[in-house]
Amino acid sequence: MSVAQVEAREVQLEAPSGLWSDAWRRLKHNPAAIVGFALVGIFLSIAIFAPWIAPEDPRSGDLSRLGGACCPGPSADYWFGLDQQGRDVFSRIVYGARYSLLIGIVSVSVGLSVGLVFGSIAGYFGGWIDSIIMRMTDIMLSVPGLLLAIGIVAALGQGLWQIMVAVGVTQIPIFTRLLRGSILATREADYVLAARSVGVPRRLILSAHILPNSISPVIVQGTLALATAIIDVAALGFLGLGPQDPATPEWGTMLTDTTRYLQTAPHLALIPGVAIVISVLGFNLIGDGLREALDPRFRGRG
Amino acid sequence: MDRQALLSVEDLRVEFWTERGTIYAVNGVSFDIAAGETLGIVGESGCGKSVTSLAILGILSRAGRVVGGSATFEGRDLIGLSDDELRTIRGKDIAMIFQDPMTSLNPVLTIGRQIREALETHFGMDRKQANKRAGELLDRVGIPSANARLRDYPHQFSGGMRQRAMIAMALACEPKLIIADEPTTALDVTIQAQILNLLRELVRERDTALILITHDLGVVAGMCERVNVMYAGMFMETGSAVQVFARPRHPYTVGLLQSVPRLDAVRKTALNPIEGNPRDMLQPPQFCPFAPRCRYEVEASRQEVPPLEQIEPGHKVACFNPVPAEEWQRMKDAVVAR
Amino acid sequence: MLRFVVRRLLLLVPILLGLSILVFLWIRALPAGPAQSLLGERATPETIAQIEEQYGLDRPLHIQYWRYLKTVAQGDLGTTIRTRRPVTEEVKERFPATIELAMAALLFATLFGIPLGFVAAKRYGTWIDHSSLVASLIGISIPIFFLAILLKYVFAVQLGWLPTVGRISVLIDLEHPTNFYTLDALIALDFVAFWDVIKHLILPAIALGSIPLAVTARITRAAVLDVQNEDYVRTARAKGLPPRVVDIRHIFRNALLPISTIIGLQTGLLLSGAVLTETVFAFPGMGTWLVEAIRQRDYPVLQGGILFVSFVFVIVNLIVDISYALINPRIRVS
């Protein structure tokens, strides 16, 4: 067998691996990530099929069912019990999943889109544009997260859309910094330098080299940001800044004023809280698994 | 060999367990070294030379395991010893010098502190005594204003000075054996020579045994009495420096020597790399590991692993079809000829 | 080192200025208009005119800003609508409470987080490690306000071991020279009061510190894992040093650098989270103050409160940066 043939055979024996297929393979073997996918899957199904799952309209309640006292806990008729207005908590939780999904998507979209634009501009052009954008990011970050959101809500007024936008805005600096850092790092990377030195056109460098490598941290951060958004909006809802109509089945809002009932009707506080924890946990598990799966350090080394 | 062997390694085998499979890093390595001797272990990156020394001292990474063989030092087999027992030998009787002095020194501790550590641990010296000794050591390795520099941090030293500091650290407890793993690879060429000279002086002064691990043939030629050539976790050829450099018998050794461009070669001479790629270490060797890249291979080369056998006194080769003794000289002459 | 500190201090100025501009613009963006917002319901045409005169609301924007900056620099953050007291006075009462809570939470987080992370790293791959990872993921998935509710429910309502609300029992009479109740109790040598204050701090501190705890544990684990593969750890082992020395002097000392950075970054989370925790436990700090202010549209409080807290936040970040430079010889000595 000639050396050339041996070499060809040796090269063939090494399995081809791109960044994505490698990552997917590792993700599949990560038990925590699998649990995460399962949880998120359940969450999404509940959100999408809410009208078919929930036995009642989440907004209408029948005070007569309360029997004078607040509030009946979980029973055979009402799986999660009833709330102060006689509404079925189970139905509210199910529809609440829709709200949480909406919240997550809107907030992250706001933060991601604006952050991507500013971050890319800052990273790609550098110079004084970069400095200005970075200063503005710093200023936004100098107000602690929730307080910034509160401030925005104060200016916009209270309501569901307002708190979604407020939380989205608080996420802008994070994505801006992330993408800028990513682009800067890849721009200066040796392999980009190598590509330029052999004359690869700028456009191609951007699409084939810089962008794919910058995207993975954004995907990881996006997933984690989804989890944070759900929690933050729930927090604002809990503070009473959310939807003005208390009938709205948003999980955070459902927790407002439930501390009074801890002695007599703990299910009012505990159940929405657990719902939040489980959904957020799912996204965090996935985000975490993605981060490990996409980490280039662990990529195949024979 | 007239002197008693200080360290005697016999059929050492080391494996690494990774998620891709088992890596057979060291596959039956045997050698001796006596007090005052300098032995060179030469080979490409990844051939297992560093792993050998780490295995002897018991400081392999988590994934590594010694799966066979022995390493007898002053009558005790290091392979079987517990970590506690090995610690009394590490740094005291056997010391190591590593390749990259920037990453091998703790960035948040002063140089003086790092030298004192070994003294305090092994000799129970107090701070004053240890400081004094550390200053003496730094001075001996050629660092000016040694005592003042004890208070400096590694990042305040230049590359060459850091390596000198590492040598001082290794010498602190007057070890009987020093293992230097690529001590000059990370340094500039001009500094390399200085460091090697320093090492040579020091081991001569103290009659210390020195194992010099490197991929650089030039370093070995200048420093070592004996040379072992390593490939794919095994020795391919062992002998005195003169024997191995003047009359290399293993095709790999010849290939290594040939691949070094010569200043006195005729201008249009092509470069002679060794063809092929380094061996895949995920398989245990079942036949001659160099066979796929070898011009001299014969049928037996693909059937079993050639044993290391004596070909002249003090000179051993692991090959079923060794290169004729005068071949290398002939090749050199051909290249220089007009 | 000195140059580093000076440079960081200089960077502070544009940020603080930018902050003041942000808050300034924010007031003018409020739906009711700045004058109305600052006066609340007691606004009459006369008082509105008065405010407009005082703040020069008819003047060009940059003149308004200059005046605003001057007032703030003099320490005047306005007057609250609800109690008609200077904002700064209420800050002096409320802020120490939040600081005390935040520090208790931070103490809790580091005291438990660092050892947990260290042990998890040392036992990499075992069930201890895996469960610590799962636990910290669950930890960051629990909203602070929900954890606060849970803790309150279990320990205060059901078990009755700890108090449900407030900073100190109404039965205790204590002087408040510093407004830090723990210090006040110690100064007065009143150990009964001291213990009472601590009891009131425990549950809120655990709730508030839960996320920093989870993050600290993870970061410690990651840092230790990284560091223990470094070459200098191998050198330390090769020198024959005992494992404990290697762990503490070589591994931990170096892991401390990224760990301290992360701990510094937790302050923002602590300040935000305080708002939620205080609400659940009716803890009279900045958090409850600001929440009430929103509900009652007390904009002077909001404006002064947010400005003050952000200011402190920026200063704390600066201190964290400088501390990091102090413990990292590469920056300290060059």
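User: In what order do the strands of the open sheet in chain B lie, and how are they paired?

Analyst: As a general idea, strands of a sheet pair through backbone hydrogen bonds, in either a parallel or an antiparallel manner. In this predicted model, chain B holds an open sheet of four strands in the order 2-1-4-5, and the pairing is antiparallel. Strand 2 (21–34) and strand 5 (76–77) of chain B each have a single partner strand and stand at the edges, so one side of each lacks a neighbour in the sheet.

User: How many bridges join strand 1 of chain B to strand 2 of chain B?

Analyst: Strand 1 (residues 5–18) and strand 2 of chain B run antiparallel and are joined by eleven bridges.

User: What is the secondary structure of chain A?

Analyst: Chain A has twelve helices and zero strands. Its pattern along the sequence is accordingly written α-α-α-α-α-α-α-α-α-α-α-α. Of the 302 residues in chain A, 45% are buried. Among contacts in chain A that link residues at least 6 apart in sequence, 71% join residues at least 24 apart.

User: At what angle do helix 6 of chain A and helix 1 of chain C pack?

Analyst: Two packed helices are described by the angle between their axes and by the distance between those axes. Here, helix 6 (residues 127–141) of chain A packs against helix 1 (residues 2–29) of chain C at about 65 degrees, and the axes are 9 Å apart. That angle makes helix 6 of chain A roughly perpendicular to helix 1 of chain C. The crossing of these two helices is right-handed.

User: Which residues meet where helix 6 of chain A touches helix 1 of chain C?

Analyst: From helix 6 of chain A come A:R135, A:D138 and A:I139, and they meet C:P14, C:I15, C:G18, C:L19 and C:L22 of helix 1 of chain C. By class, this contact has five nonpolar, one polar and two charged residues.

User: How many residues of chain C are in contact with chain A?

Analyst: The contact involves 39 residues of chain C and 36 residues of chain A. On the chain C side, at least two residues each are supplied by several helices, including helix 1, helix 7 (144–158), helix 11 (243–281) and helix 13 (299–327). By class, the side of chain C that touches chain A has 31 nonpolar, six polar and two charged residues.

Conventions
Residues numbered from 1 in each chain as written. Chains lettered and ligands numbered in written order. Predicted model: local features only at pLDDT ≥ 70, side-chain atom pairs only at ≥ 80, totals over all residues. Pairing = 2+ DSSP bridges. Buried ≥ 20, exposed ≤ 12 C-beta atoms within 10 Å, placed from the backbone. Contact = placed C-beta atoms within 7 Å. Axes fitted to C-alpha atoms, helices over the stretch in contact; angles between N-to-C directions. Parallel < 35°, antiparallel > 145°, perpendicular 65-115°, else oblique. Left-handed = near helix turned anticlockwise from the far one by under 90°. Nonpolar A, V, L, I, M, F, W, Y, C, P; charged D, E, K, R; others polar.
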